[in-house]
Amino acid sequence: MATEQQKQGGAGGAKRKPVFTKVDQLKPGTSGHTLTAKVLTSETVLNKGRAGAAAVHLHLTTIAECLIGDETGTILFTARNEQVDLMKPGTTIILRNAKIDIFKGSMRLTVDKWGRIEVTGPANFTVKEDNNLSLIEYELVNVADE
């Protein structure tokens, strides 16, 4: 029989304190990352509209590739729609529940509907720009079952 405390998911339903990850700890296929980073560049790569079922509702899709980083390295972040407005160069952000996607053989950091981007005060670190994790190429290897 579950106790009242277990039903609420831990100590009286209190939120877990997030564990912050550094950029150089990110690995392909991982998710649930919380990290603080500075936005270095933001470049819109897709900006298209699509008429929905009722032509009154126009669905706009905007995607920007943003180079973000911390004192351990940099990585490309794929920002979508409303996220693009938050990703201004020079801004310090906190990414919550971010995940790593592989796009064209390299790592990209993304935040889907289960995550959050918050703009925060200026960070007190210098970004290590000579360690870009998105420049490392990964190859999908199928492991044969024996």
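How many residues in the lining of the largest pocket are nonpolar, polar and charged? The lining divides into 2 nonpolar, 3 polar and 5 charged residues. The model is predicted: local features need pLDDT of at least 70, side-chain atom pairs count only at pLDDT 80 or more, and totals for chains, interfaces and linings use all residues. Residues are numbered from 1 along each chain as its sequence is written, and side-chain values use heavy atoms, with hydrogens and water left out.

**View 1. The largest pocket holds about 350 Å³ of space.** A pocket is an open set of points on a 1 Å grid over the protein atoms alone, where a 1.4 Å probe fits, with protein on both sides within 12 Å along at least five of seven lines; lining residues have an atom within 4 Å of a point. Its lining consists of K15, R16, K17, P18, V19, G32, T34, R96, N97 and R116.

View 2. The largest contribution comes from β4, with 3 residues. The lining divides into 4 nonpolar, 2 polar and 4 charged residues.

**View 3. L67 lies in strand β2.** Beyond its neighbours within four places in sequence, L67 is in contact (heavy atoms within 4.5 Å) with residues including K38, V39, L40, T74 and N132.

Terms used. Grid points are joined across faces, edges and corners, and a volume is the space filled by probe spheres set on the points. Ala, Val, Leu, Ile, Met, Phe, Trp, Tyr, Cys and Pro count as nonpolar, Asp, Glu, Lys and Arg as charged, and the others, Gly among them, as polar. Helices (H or I, at least four residues) and strands (E, at least two) are DSSP runs, numbered from the N terminus.
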